Amino acid sequence: EVDWFSLASVIFLLMFAPLIVYYFIMSCDQYQCSLTDPVIDLLMGNKHLSDIWNKTPTLTYRAAGIYTFWVAFQVVLYVFIPDFCHKFIPGYAGGVQEGAVTPAGVVNKYEINGLQAWIITHILWFANAYYFHWFSPTIIFDNWIPLLWCANILGYVVSTFAMIKGHFFPTNAKDCKFTGNFFYDYMMGIEFNPRIGKWFDFKLFFNGRPGIVAWTLINLSYAAKQQELYGQVTNSMILVNVLQGIYVLDFFWNEAWYLKTIDICHDHFGWYLGWGDCVWLPYLYTLQGLYLVYHPVQLGTSNAIGILMLGLIGYYIFRTTNHQKDLFRRTNGNCKIWGKKPEYIECSYMSVDGTKYYSKLMTSGFWGWARHFNYTGDLMGSLAYCLACGFGHLLPYFYIIYMTILLIHRCIRDEHRCLSKYGKDWKRYTAAVPYRLIPGIF
Ligand code: NDP
């Protein structure tokens with residue numbers, strides 16, 4: 001059942017999320033990244049909406065060509081080049097991997113080759129920038145708004161296709177979820193793991209590529225633009241490139257682990273993931289770099305070191321917490337967490353076909369400090385990206401505001417789901433680990 005609040009949020013997001021993205025990018029393009037100046041201009045009558053719209057770059061053949069090539073290239077890397085990285089990189093889990101058990105009791109297989117796709121793409125990017133010179137490394141920045149229209153088209157096409165597919169030819173009908181509410185189903189998705197053929201998995205592809213592979217390229221394009229405009233790349237731009245680069249690389253290094261996260265394990269594939277991965281992620285997660293093109297902040301050494309430390313400590317907490325859970329679940333608790341055998345709560349749940357399964361909730365390591373300390377680390381890292389931009393404007397801080405809302409909402413959503421999955425066992429767990437994000441506070 002869809003409650004009125006969820007429905008109102010869904011309709012709000014469907015209507016306004018594309019406008020929010022447009023507003024942010026337009027404010028950089030026309031107002032030097034000021035979020036208030038466009039509103040002031042409109043309220044004072046200095047400008048009409050049509051003036052802003054008329055100044056906005058339109059869809060171009062060039063952008064359509066770049067975008068089509070980009071997505072097609074990522075499809076080729078995903079579908080046609082099986083992973084070879086796991087054969088020679090020690091400790092890397094690539095190649096064919098299994099996902100979690102779906103509510104209908106299915107275990108999907110995935111070809112994990114994201115790291116390889118990322119490496120090949122970046123080698124080609126640098127080869128072009130330093131050797132071949134087929135195109136300027138500022139190409140992404142230079143076509144940013146025309147590319148936004150292309151990303152939107154893909155986002156809507158994919159979400160609409162997923163909706164039709166869910167109704168008429170689902171990959172696994174037993175894993176479909178219908179609420180009967182069109183808007184909710186469109187946004188939150190019907191199919192759990194839509195696929196074309198055996199290997200083209202919508203969630204894995206759209207979550208990781210083209211959006212997350214593009215993330216580091218977009219930042220590199222911004223750095224190249226700074227170099228072109230000012231003759232140098234600022235230390236803040238380098239910080240943003242490095243910290244976000246670590247986050248992206250971590251994502252691909254742990255792509256197999258990602259199969260066990262909420263996006264793949266619990267969310268259905270609809271507009272939220274389809275459009276979100278095509279538009280929201282590449283455009284709004286890269287706002288810091290975009291801002292620094294317009295405002296090239298040069299940080300003092302101590303500030304730069306402080307921000308770097310915050311980012312690295314946040315990353316360490318994020319990664320260690322996620323790793324602890326992954327290790328614990330993979331070994332079924334037969335491992336060491338901080339040198340000791342982990343403590344846990346035994347729990348059970350039923351799948352839709354009535355089969356009983358058993359699971360464990362760890363109460364050791366960071367999982368004993370708070371129920372989502374991985375989110376806390378993620379938020380620290382996110383804050384570091386924003387701080388690198390100084391305090392001149394609100395725009396670069398959108399990311400930490402958004403991530404705080406996203407992760408708190410996600411935390412509550414996940415706990416709601418875990419409560420209905422594990423029942424009284426979940427209550428025993430929350431009694432043992434009473435805080436969500438910050439021990440003693442929340
Ligand atoms: P988690 O990795 O925290 O996974 C939550 C699930 O883990 C629960 O549903 C439950 O699943 C299981 N679980 C919960 N508590 C325990 C425990 N004590 N012991 C063992 N298993 C437990 O959440 P996410 O998938 O949301 O996040 C993964 C990472 O991705 C996080 O670090 C987050 O910060 C990051 N992230 C980043 C986003 C971004 O946009 N940058 C967006 C979302 C996430 P089960 O049913 O298996 O028991």
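Predicted model: local features only at pLDDT ≥ 70, side-chain atom pairs only at ≥ 80, totals over all residues.
Domain bounds here come from an automatic or database domain assignment.

**Entry 1: the ligand and its shell**

I looked up which domains reach the ligand. The shell around the ligand takes at least three residues from domain 1 (1-298) and at least three from domain 2 (299-441).

Next I asked how many residues surround the ligand. There are 27, and the closest are Tyr-375, Arg-410, Asp-414, Lys-421 and Tyr-422.

Which element gives the most to the shell? That is α20, with eight residues. I noted the elements that each supply at least two shell residues: α17 (301-330), β6 (356-362), α19 (373-387) and α20 (398-422).

Sorted by class, the shell has 14 nonpolar residues, eight charged ones and five polar ones.

**Entry 2: atoms that meet the ligand**

I then went through some individual atom pairs. The side chain of Tyr-247 puts an N or O atom 2.9 Å from a nitrogen atom of the ligand. For Lys-325, a side-chain N or O atom is 2.8 Å from an oxygen atom of the ligand. Met-362 uses its backbone instead: an N or O atom there lies 2.9 Å from a nitrogen atom of the ligand. On its own the ligand has 920 Å² of accessible area, and the protein covers 93% of that.

**Entry 3: Asp-414**

Asp-414 was on my list as one of the residues closest to the ligand, so I checked it separately. Asp-414 is in helix α20. Is Asp-414 buried or exposed? Its relative accessibility is 11%, and buried means under 20%, so Asp-414 counts as buried. I also found a polar contact of 3.3 Å between the side chains of Asp-414 and His-372.

**Entry 4: cysteines**

I searched the whole structure for disulfides and got one. A disulfide is a covalent bond between the sulfur atoms of two cysteines. Which cysteines form the disulfide? They are Cys-28 and Cys-33, with sulfur atoms 2.2 Å apart. The link between Cys-28 and Cys-33 is right-handed, with 110° about the S-S bond.

I checked burial for both partners. Cys-28 has 1% relative accessibility and counts as buried. Cys-33 comes out at 0% and counts as buried too.

Cys-150 is buried, at 6% relative accessible area. I looked at Cys-85 as well, and that residue is buried at 2%.

**Entry 5: helix α6 and what follows**

In helix α6 (residues 114-132) I wrote down some of the buried residues, including Gly-114, Leu-115, Trp-118, His-122 and Trp-125. Just after α6 comes His-133, with a positive phi of about 55°. His-133 is in the loop between α6 and α7 (139-142). At 54% relative accessibility, His-133 counts as exposed, because exposed means over 50%.

A reminder to myself: most residues other than glycine have a negative phi, and most peptide bonds are trans. I looked for exceptions with that in mind.

Trp-338 has a phi near 50°, which is positive in a residue other than glycine. Trp-338 lies in the loop between α17 and β5, and is partly exposed at 45% relative accessible area.

Which residues does a cis peptide bond join? I found it between Arg-209 and Pro-210, with omega about 10°. Pro-210 sits in the loop between α10 (202-208) and α11 (211-230).

**Entry 6: two pairs by distance**

Ile-153 and Val-279 are 126 residues apart along the chain, and their C-alpha atoms are separated by 9.4 Å. Ile-153 is in helix α8 (residues 144-168) and is partly exposed, with a relative accessible area of 47%.

For Thr-331 and Val-79, the sequence gap is 252 residues and the C-alpha to C-alpha distance is 30 Å. I placed Thr-331 in the loop between α17 and β5 (344-350). Thr-331 has 23% relative accessibility and counts as partly exposed.

Technical notes: Residues numbered from 1 in each chain as written. Heavy atoms only, no water. Near = heavy atom within 4 Å. Polar contact = N/O pair within 3.5 Å; in protein donor to acceptor, adjacent residues only side chain to side chain. Areas by Shrake-Rupley, 256 points an atom, 1.4 Å probe, with all protein chains shown as cover. Helix = DSSP H or I, 4+ residues; strand = E, 2+ residues; numbered from the N terminus. Nonpolar A, V, L, I, M, F, W, Y, C, P; charged D, E, K, R; others polar. Disulfide = S-S within 2.5 Å. Buried < 20%, exposed > 50% of the residue type's maximum accessible area, 1.4 Å probe, protein only.
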